[in-house]
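Subject: The structure I promised

Hi,

Here is the structure we talked about, for you to open and look through. My notes on what I found are below it.

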Amino acid sequence: MLKDITLGQYFPGDTPVHRLDPRTKLVLTLVYIVAIFLVGSWGGYALAAAALAAVTALAHIQPKALIKGLKPLIFIIVFTAVLNLFFTPGEDYLFRWKFIKITWTGLDRAAAMVLRVLLLVAGTFLLTYTTSPLAITDGLERLLSPLKKLHVPVYELSLMMCIALRFIPLLIEETDRIMSAQKARGADLETGTLAQRAKALLPLLIPLFVSSFRRADELATAMECRCYNGGQGRTRMKQLHLSVRDGIAFVLGAAFVAGVIVLRRLGI
Amino acid sequence: MDPIIRVENITYTYPDAPGPALDGVSLDILPGTFTAVLGPNGSGKSTLAKHLNAILTPASGRVLVDGMDTAGEADLLAIRRRVGMVFQNPDNQIVANVVEDDVAFAPENLGVEPGEIRRRVDAALTQVGMYELRLHAPHLLSGGQKQRVAIAGVLAMEPEVLVLDEPTAMLDPRGRREVLDAVEALRREQGVAVVLITHHMDEAVRADRVVVMDRGRVALDGTPEAVFSRRLELRALSLDLPDAAELLARLRDGGMDLPAGALTPEACAAAIKEALA
C-alpha cells in the first residue's frame with residue numbers, strides 16, 4: 001500500500017512538456033488552478049478536461065499513472081460527493097425518502113465538485129510528473145528570488161524542499177521494512193480500535209524517527225564534504241532560459257483561461 | 001615527491017568517549033598512490049578518514065593537505081575540494097533526484113561556471129560508467145550504481161585524493177566489484193590518490209600500501225605482501241588474511257613447501273602449480 005504513493009514522483013522524459021522552463025510550468029499550473037475555480041459550466045469542465053488530456057498525451061504520461069496518483073484521494077472525493085449530494089438545498093427532487101433527499105441541483109453540484117477536485121489534483125500531478133523536483137525548486141527559487149532582498153533564505157528553503165522530496169521514497173521503503181520487522185515480532189497494526197491502532201504505530205514511528213535523524217546527520221556530513229556552504233556564491237549547471245516554446249505555452253494558457261471565462265459567460 | 005596529505009601525530013577523542021579514538025597517528029599520502037586502511041571496529045579508521053578533509057580537526061598534532069592546515073577555517077573549501085570523501089551508505093549522500101543534478105551539486109557549491117560544470121559532470125559520470133543513466137532517479141538504481149554516482153559527485157570537484165570509507169559494506173558482490181573497478185580505473189587513468197577504508201582483505205590486496213589500525217594507532221604499515229605475511233599479528237587484531245594467502249598459509253601449516261607472499265588467486269595458483277611440479 002505504501003509503495004503506491006506517487007506524490008512527488010517524477011517520470012523523466014524528453015517531451016515538449018518536459019522541456020518547458022519550470023517557471024513557465026509553475027506559473028501555468030497556478031493559472032490552471034485559478035481557471036478551474038473560475039469554471040462555471042459543464043462546457044468549462046469539458047475544456048479543462050480536454051486541456052489536461054492534451055498535456056498528458058503530449059508529455060507521454062500514462063493515464064494509468066495519473067489515476068494511480070489519484071487513488072489515495074478516494075476518501076476526500078467520496079466525502080465531497082456525499083456532502084454535496086445530500087446537503088444541497090433545493091426543490092427539484094430526484095429522489096426522496098423520509099429525511100433523505102437528493103435533488104437535481106445536488107447531483108449537479110456533487111458531480112461538478114468531484115470533477116473540480118480531480119482536475120485540480122491531476123493538474124498539479126502533471127507538474128510533478130514532468131518536472132524534476134530539482135527543477136521545481138529551482139523554478140520556485142527563481143520566481144521567489146525577489147524575496148532575497150527581504151532576507152528570506154530562498155535558496156535554503158528550496159534545498160530543504162528538494163531534500164525532503166528526495167527522501168520520500170527512502171522513508172517509504174524504510175517504513176515498509178520496519179512494519180515487516182514489527183509484524184514478524186507479532187505487532188498487530190491492522191485490527192483493533194482507532195486508539196489501539198494509533199498506539200500500535202508507536203513502535204513504527206520511533207525507529208523511523210531515529211533513523212531519519214541518523215540519515216540527516218550523515219547527509220549533512222556528505223554535503224559538507226562536497227563543499228556545501230550555503231547559497232552564497234553558488235552557481236547552477238542548468239541555466240533557465242525562456243524560449244519560444246515557453247511563449248507558446250503562455251499563449252495557450254491565456255487562450256485556455258479566456259475559453260473558460262467565455263464559456264462561463266455563455267453558460268455552456 | 002611531496003605528500004598530498006601529511007598527518008602529523010594526531011590525537012582525537014569524541015565528546016563523552018572514555019578513551020581517545022586516535023592516539024598519535026602519523027601518515028603521509030603520496031599523490032597517485034593507493035592506500036588501504038584496515039582495522040577492527042572501533043580502531044579509529046573512520047575517525048582518521050574524517051580528519052583527512054577537515055570534517056574533524058585533531059585535538060593535538062596537525063593534518064596538512066597540500067600544505068594547508070585543516071584547523072584553519074579559511075582553507076576549508078580548498079581542502080575539501082582536493083580531498084573527496086565517499087561514505088558507506090550511498091542513499092545518505094545523494095542530494096538530488098536526478099543523477100546528473102546530484103553530480104553537479106559540488107561544483108555548483110564551488111561557484112564553477114555553468115559550462116564547465118556540464119563538462120565536469122559528463123566527465124565524472126563517464127569515468128564511473130554511469131553516463132547512460134545520467135537522467136535516472138537515484139532511488140531506482142542498484143546499490144553499486146548509487147555508490148558510483150556518489151563517487152562521481154565527488155569527482156566533479158576534480159579532487160587529488162579520493163577517501164572511501166567502507167564504500168562496499170552495503171553492496172552485494174556485484175556492486176562491490178563495480179565500485180572497486182571504477183576506483184581502480186580512476187587511479188590508473190586520472191592519477192587520483194585513493195585511500196580505501198575497508199573490512200575486506202581482498203580489497204586491500206589491490207593497494208600499493210596497507211595500513212592496519214588498532215586502538216587509535218597505526219599497528220602495521222607496509223606493502224600488502226609485507227603486512228599480510230604477519231598472520232599472527234593480524235589474527236590478534238581479529239583480522240583475516242586474504243583468501244588466497246590464507247589458503248597458502250594453511251597448506252604450509254599442513255606441511256607443503258610453499259612460498260609466502262602470494263595474495264591473489266592467480267599468484268596462489270601459480271605457487272601451488274610450482275610446488276606440485
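Into which domains is chain B divided? There are domain 1 (5-227) and domain 2 (242-277). Before going on, please keep in mind that this is a predicted model. It scores ipTM 0.87 and pTM 0.77.

On confidence, chain B has a mean pLDDT of 90, and 100% of its residues reach 70 or more. Within chain B, helix α12 (residues 265-276) has the lowest confidence, at a mean of 85, while strand β8 (residues 193-197) has the highest, at 95.

Back to the two domains of chain B. Their C-alpha centres lie 33 Å apart. The contact takes 5 residues from domain 1 of chain B and 5 residues from domain 2 of chain B. On the domain 1 side, α8 (201-204) and α9 (224-228) of chain B each supply at least two residues. That side of domain 1 divides into 3 nonpolar residues, no polar ones and 2 charged ones.

Next, the nonpolar cores. In general, nonpolar side chains tend to be buried together in soluble globular proteins. Here the largest nonpolar core has 100 residues. Those with the most contacts inside this core are B:I5, B:V103, B:A152, B:A156, B:V161, B:L162 and B:V163. Helix α6 of chain B gives the most to it, with 6 residues. Both domains of chain B take part too, as the core draws at least three residues from each of domain 1 (5-227) and domain 2 (242-277).

If you leave aside its neighbours within four places in sequence, B:V103 is in contact with B:V121, B:A124, B:L125, B:V149, B:A152, B:G153 and B:A156. There is also a second, separate core of 24 residues, which includes A:Y45, A:A51, A:V260 and A:L263.

Now for chain A. Its secondary structure comes to 11 helices and 2 strands, and from the N terminus on the elements run α-α-α-α-α-β-β-α-α-α-α-α-α. The C-alpha trace of chain A spans about 70 × 60 × 35 Å along its principal axes. Of the 268 residues in chain A, 24% are buried. If you count the contacts in chain A with a separation of 6 or more, residues 24 or more positions apart account for 75% of them.

One helix I looked at in more detail is α10 of chain A (residues 202-225). At 1.5 Å a residue, its 24 residues should span 34 Å, and the end C-alpha atoms are 35 Å apart, so the two figures agree. The buried residues of this helix are A:L219, A:A222 and A:C225. An α-helix has 3.6 residues a turn, so residues three or four places apart point the same way. Those buried residues of α10 in chain A pack against α2 and β6 (83-86) of chain B. Just after the helix, A:C227 takes a positive phi of about 65 degrees.

That brings us to where the chains meet. There, 36 residues of chain B are in contact with 29 residues of chain A. On the chain B side, the elements that give two or more residues are α2 (76-82), α4 (105-109), α5 (114-127) and α6 (143-155). The residues on that side divide into 19 nonpolar, 10 polar and 7 charged.

Best wishes

Terms used: Residues numbered from 1 in each chain as written. Chains lettered and ligands numbered in written order. Predicted model: local features only at pLDDT ≥ 70, side-chain atom pairs only at ≥ 80, totals over all residues. Contact = placed C-beta atoms within 7 Å. Helix = DSSP H or I, 4+ residues; strand = E, 2+ residues; numbered from the N terminus. Nonpolar A, V, L, I, M, F, W, Y, C, P; charged D, E, K, R; others polar. Expected span 1.5 Å × (residues − 1). Buried ≥ 20, exposed ≤ 12 C-beta atoms within 10 Å, placed from the backbone. Domains from an automatic or database assignment. pLDDT = per-residue confidence, 0-100. Core = buried A, V, L, I, M, F, W, Y, C linked by C-beta atoms within 7 Å.
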